[in-house]
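I opened this model to see how its parts are held together. My notes follow in the order in which I looked things up.

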Amino acid sequence: TQEKEAISRIANRLGLNQEGLSTRAKISILRDFFSNEFQYTTHLKTPGVERGRRSSAVGMFLETTRAGHCEYFASAMVVLARSEGLSSRLVNGFAGGIPNEVGDFVEVSRADAHAWVEIHFEEAGWVRFDPTPPYLRLRDADSRSVWERLAQFGSALELWWFQRIVDFDSADQIAA
């Protein structure tokens, strides 16, 4: 198919199929490729597919748009890694968060949702790699306004209420 051919062309251009190239070297090439030739955006809309082409959103990301959010970066890295025989998987979770100084916990939100890649190494198991440029996706925890600090107080109060009132079960009653 057209997409497999495009992936093969990209892998060839990057030199991923050189004989004797280690897994670490391949991963380094891929991370440099995404850092230097792609742009991070928080725009979550799927890139449009050109008329007459049979390419997925990841294919469009690799071939034409070269801009997307973390799921595009991670998906594209998995596709390229697998094309070179590397066992890899896409992982979704949370990265970051903002420390809540009032309640002494880290608060995560939808803005902290993230996707990354894990590649399997015989001697180490699954190892995390993140092709998304970090300097554009992380929230700034140091520039909090008075309103944001009040919101932290509200979040701490909400957590306290849940832990001490809503989640107060028979074991807690006996302990009290």
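**Entry 1. Layout**

I am working with a predicted model, so I keep in mind that local features were taken only where pLDDT is at least 70. I counted seven helices and seven strands in the protein. Reading from the N terminus, I get the order α-α-β-α-β-α-β-β-β-β-β-α-α-α. The protein has 176 residues, and 35% of them count as buried. I also looked at contacts with a separation of 6 or more: 58% of these join residues 24 or more positions apart.

**Entry 2. The nonpolar core**

Which residues touch the most other members of the largest nonpolar core? I found Phe33, Phe34, Leu62, Met77, Leu80 and Ile119, in a core of 30 residues. I then noted where the core comes from: helix 1 (2-14), helix 2 (23-37), helix 3 (57-65), helix 4 (70-83), strand 6 (113-121) and strand 7 (125-129) each give at least two residues. Helix 4 has the largest share, with nine residues.

Beyond its neighbours within four places in sequence, Phe33 contacts Ile10, Arg13, Leu14, Phe38, Leu62, Arg66 and Leu80. I note that Leu62 and Leu80 are also on the list of residues that touch the most other core members.

**Entry 3. Ile119**

Is Ile119 buried or exposed? Its relative accessibility is 0%, so I put it down as buried; the cut-off for buried is under 20%. Leaving out residues up to four places away in sequence, I listed its contacts as Thr23, Ile27, Met77, Ala81, Leu86, Ser87, Ser88, Gly125, Trp126, Val127 and Phe129. For Phe129 I also noted the C-alpha to C-alpha distance from Ile119, which is 7.4 Å, with the two residues ten apart in sequence.

**Entry 4. Helix 2 against helix 4**

I looked up how these two helices pack. Their axes come within 11 Å and cross at roughly 145 degrees. I recorded the crossing of helix 2 and helix 4 as right-handed. On the helix 2 side I find Ile27, Leu30, Arg31, Phe33 and Phe34, and these meet Phe73, Ala76, Met77, Leu80 and Ala81 of helix 4. Sorted by class, this contact has nine nonpolar residues, no polar ones and one charged one.

**Entry 5. Salt bridges**

How many salt bridges are there? I count four.

I noted Glu63 with Arg9, where the closest N and O atoms are 3.7 Å apart. Glu63 is in helix 3 and Arg9 in helix 1, so this pair ties together parts that lie 54 residues apart in sequence. Glu63 is partly exposed, at 24% relative accessibility.

Arg13 and Glu37 form a salt bridge through their side chains, at 3.1 Å from N to O. With Arg13 in helix 1 and Glu37 in helix 2, the pair ties together parts 24 residues apart in sequence. I have Glu37 as partly exposed, with a relative accessible area of 33%.

Glu37 also meets Arg66 in a salt bridge, at 2.9 Å from N to O. This pair links distant parts of the chain, 29 residues apart, with Arg66 in the loop between helix 3 and strand 2 (67-68) and Glu37 in helix 2. I therefore wrote down Arg13, Glu37 and Arg66 as one network of salt bridges, since a side-chain nitrogen within 4 Å of a carboxyl oxygen is the test.

**Entry 6. Positive phi**

Arg66 has a positive phi, near 50 degrees. Its relative accessible area is 22%, and Arg66 counts as partly exposed. Asp104 also has a positive phi, of about 55 degrees, and is not a glycine. I place Asp104 in the loop between strand 4 and strand 5 (105-107). Asp104 is exposed, at 71% relative accessibility.

**Entry 7. Asn100**

Asn100 is buried, with a relative accessible area of 1%. What does Asn100 touch, not counting residues up to four places away in sequence? I find Phe105, Val106, Glu107, Gln152, Ser155 and Ala156.

Terms used. Residues are numbered from 1 along each chain as its sequence is written. This is a predicted model: local features need pLDDT of at least 70, side-chain atom pairs count only at pLDDT 80 or more; totals for chains, interfaces and linings use all residues. Side-chain values use heavy atoms; hydrogens and water are left out. A nonpolar core is a set of buried Ala, Val, Leu, Ile, Met, Phe, Trp, Tyr and Cys residues joined through side-chain atoms within 4.5 Å. Buried means under 20% relative accessible area, exposed over 50%, partly exposed in between (1.4 Å probe, protein chains only). Helices (H or I, at least four residues) and strands (E, at least two) are DSSP runs, numbered from the N terminus. Contact means heavy atoms within 4.5 Å. Axes are lines fitted to C-alpha atoms, for helices over the stretch in contact, and angles run from 0 to 180 degrees between N-to-C directions. A crossing is left-handed if the near helix is turned anticlockwise from the far one by less than a right angle, and right-handed if clockwise. Ala, Val, Leu, Ile, Met, Phe, Trp, Tyr, Cys and Pro count as nonpolar, Asp, Glu, Lys and Arg as charged, and the others, Gly among them, as polar.
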